[in-house]
Amino acid sequence: MRPLLLALAAGLLLVACDRTPEGEFTGYVEGDLLFIGPQEAGRVTALPVSEGSRVAAGAALARLEDDVQTADLAAAEAALAEAKARRDKARAAQQRPEEVAILEAGERRANAALDLSRIELERQKSLVPKGASSQANLDTAQHQYDQNRASLDEIHRQIDVARIAARVEDIAAAEAAVLQAEANRSAAQVRLDRRRLNTPDAGLVQTLYYRVGELVPEGRPVVSVLPPGLVKVVFFVPQAMLPRLAPGLPVAVSCDGCPPLSARVTFVSDAAEYTPPVIYSREERAKLVYRVEAKPDVPADARPGQPVTVRLQGGA
């Protein structure tokens, strides 16, 4: 009889110890990691960080081999330079300045010949009525004048053609080729930049999944980083406590070997974590618990994975 009484007393003591004080809940610290990795496979050539080190936003985490990407960028830059040269040529005159200068010299020579033939024609026109020259000489002078004037007109047209640019369609095609080459160069620069893995936010380096010299498959992370803003406290409350919880509610967080923390509720789940098969009785409804998340005011003081005790504040 006495052993039975001792067993019952021990059971009651355990039940009493297992009871959690009103408004106090157990939970843990959780962190959402950033997994930084390449979009294309490659071999790791540099790892300037170590596990546990703190990095600033934009800091370099790793670098992958980029020989192919560097060559692609050089080829894209060369293609862009060629496209710009073709566009400039299409916009410029059809012939070089030296060739236009030759045509202008011919223009001056044709002007001189036309002036001389005009003088001769006027002289013949004054001599024929006086009988000092024949009609044949007048006809020859007129023919020479007409020929020289036609030659000068031809040179004028050649100079005009030499000075005009290419057709509008050719210039538009050259400009489109430049835009395409610029887009190709930008794409090549982006592919090269992606071989340098940087962190988008400041945080603590958690794990290095690869080492220098190892080949990283496409889409696999090389480094994981935990930003302070992604640290949260997770705890569970019974369904009867839900009316007392709302986003913005302050809570006190305590744990073994760490300073007291303050946090604010950011999320209250509307789905139960545990649902018994039958929930008609009050005893079964008491087994329902809901996930609640709170963000620490000082995230650096919270360590992911650490068990904590959460107490409601603010008159809750």
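This is a predicted model: local features need pLDDT of at least 70, side-chain atom pairs count only at pLDDT 80 or more; totals for chains, interfaces and linings use all residues.
Figure 1. The protein has six helices and 14 strands. Take the contacts between residues at least 6 apart in sequence: 77% of them join residues at least 24 apart.

**Figure 2. The largest nonpolar core.** This core has 23 residues. F235, V251 and V253 touch the most other members. Six strands each supply at least two residues of the core: strand 1 (24–31), strand 10 (231–238), strand 11 (250–254), strand 12 (261–272), strand 13 (289–296) and strand 14 (307–312). Strand 10 gives the most, with four residues. In soluble globular proteins, nonpolar side chains tend to be buried together.

Figure 3. Neighbours within four places in sequence are left aside here. V253 is then in contact with V233, P260, L261, A263, V308, T309 and V310.

**Figure 4. P307 in strand 14.** P307 lies in strand 14. Its relative accessibility is 57%, so P307 counts as exposed, the cut-off being over 50%. Beyond its neighbours within four places in sequence, P307 is in contact with G27, Y28 and C255. P307 and F235 are 72 residues apart along the chain, and their C-alpha atoms are separated by 9.6 Å.

**Figure 5. Helix 2, end to end.** Helix 2 covers residues 67–91, which makes 25 residues. How far apart are its end C-alpha atoms? They are 37 Å apart. At 1.5 Å a residue, the helix should span 36 Å, so the two values agree.

**Figure 6. The buried residues of helix 2.** Q69, L73, A76, L80, A83, R87 and A90 are buried. An α-helix has 3.6 residues a turn, so residues three or four places apart point the same way. Follow the buried residues along helix 2, from Q69 to A90. R87 is one of them.

**Figure 7. T140 in helix 4.** Helix 4 runs over residues 135–163 and holds T140. Is T140 buried or exposed? T140 has a relative accessible area of 52%, which is over 50%, so this residue is exposed. T140 and Q124 are 16 residues apart in sequence. In space they are 9.4 Å apart, C-alpha to C-alpha.

**Figure 8. The largest pocket.** The volume of this pocket is about 220 Å³. Its lining is made up of R54, L204, Q206, L226, P227, P228, V231, P299, A300, A302, R303 and P304. Which classes do these residues fall into? Nine are nonpolar, one is polar and two are charged. R54 and R303 are charged residues of this lining. Q206 is its polar residue.

**Figure 9. The largest cavity.** A search of the whole structure finds one cavity of 30 Å³ or more. About 50 Å³ of space lies in the largest cavity. P38, Q39, E40, R191, R194 and R195 line it. By class, this lining has one nonpolar, one polar and four charged residues.

Notes
Residues are numbered from 1 along each chain as its sequence is written. Side-chain values use heavy atoms; hydrogens and water are left out. On a 1 Å grid over the protein atoms alone, a cavity is a set of points where a 1.4 Å probe fits but cannot get out, and a pocket is an open set with protein on both sides within 12 Å along at least five of seven lines; lining residues have an atom within 4 Å of a point. Grid points are joined across faces, edges and corners, and a volume is the space filled by probe spheres set on the points. The expected span of a helix is 1.5 Å times one less than its number of residues. Buried means under 20% relative accessible area, exposed over 50%, partly exposed in between (1.4 Å probe, protein chains only). A nonpolar core is a set of buried Ala, Val, Leu, Ile, Met, Phe, Trp, Tyr and Cys residues joined through side-chain atoms within 4.5 Å. Contact means heavy atoms within 4.5 Å.
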